[in-house]
Amino acid sequence: MNRERIMQILVSPHLSEKSTTSADALGQHVFRVLPNATKREIKGAVETLFKVKVQSVNVVSVKGKRKRHGQRAGIRSDWKKAYVRLESGQDIDFAGAE
C-alpha cells in the first residue's frame with residue numbers, strides 16, 4: 001500500500017456517545033474515512049498509524065441530510081464511517097496521555 005494513501009485514509013475519529021460506549025464495551029473505535037476507502041486500506045492505516053492489531057472493520061456509508069435555511073434547500077455531504085474492532089488487549093488513546 002502507498003504510504004501517502006495510508007496517511008489520507010483516516011479523516012478523523014468520530015466521537016459521539018455511541019462510539020464512546022462501543023469503545024469501552026467492545027474495543028471498537030469509529031473513524032470518518034475517505035468515501036472511496038476499502039476495508040483492507042482502513043485496516044492497514046489504523047495498524048500503521050496507531051501501532052495496534054485490528055481484528056475486523058465494518059463500514060457504513062452515511063447519507064447527507066436535507067436541510068433548509070429559510071427558503072433555500074440544501075444537502076449535507078455524504079460521508080463514510082468505519083467501525084474498527086481491535087484485538088483484545090489493544091487500545092487507542094486519543095487524549096495522548098502517556
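Entry 1. In which sense do strand β2 and strand β6 pair, and over how many bridges? I found that β2 (residues 28–33) and β6 (residues 79–86) pair in the antiparallel sense over six bridges. V30 stands opposite Y83 in β6. I took helices (H or I, at least four residues) and strands (E, at least two) as DSSP runs, numbered from the N terminus, and counted two strands as paired if DSSP finds at least two bridges between them.

I note the basis here: this is a predicted model, in which local features need pLDDT of at least 70 and side-chain atom pairs count only at pLDDT 80 or more, while totals for chains, interfaces and linings use all residues. Residues are numbered from 1 along each chain as its sequence is written, and side-chain values use heavy atoms, with hydrogens and water left out.

Entry 2. I then looked up the whole sheet. Four strands form an open sheet in the order β1-β2-β6-β3, with antiparallel pairing. The edge strands, β1 (10–13) and β3 (54–62), each pair on one side only. On average, neighbouring strands of this sheet are turned by 30° against each other, direction ignored.

Entry 3. Next I looked up the helices. Helix α2 (residues 17–26) lies across β2 and β6 and runs at about 140° to β2. Helix α3 (residues 39–50) packs on the sheet, where it touches β1, β2, β3 and β6, and its direction makes about 125° with that of β3. Contact means heavy atoms within 4.5 Å; axes are lines fitted to C-alpha atoms, for helices over the stretch in contact, and angles run from 0 to 180 degrees between N-to-C directions.

Entry 4. I checked the length of α3: at 1.5 Å a residue its twelve residues should span 16 Å, and its end C-alpha atoms are 16 Å apart, which agrees. The expected span is 1.5 Å times one less than the number of residues. The buried residues of α3 are E41, I42, G44, A45 and V46, and they pack against α1 (3–9), β1, β2, β3 and β6. Buried means under 20% relative accessible area, exposed over 50%, and partly exposed in between (1.4 Å probe, protein chains only).

Entry 5. I looked up K51, which lies in the loop between α3 and β3. K51 has a positive phi of about 55° although it is not a glycine. K51 counts as exposed because its relative accessibility is 68%.

Entry 6. Last, I looked up S88, in the segment after β6. S88 is exposed, with a relative accessible area of 72%. S88 and A73 are 15 residues apart in sequence and 46 Å apart in space, C-alpha to C-alpha.
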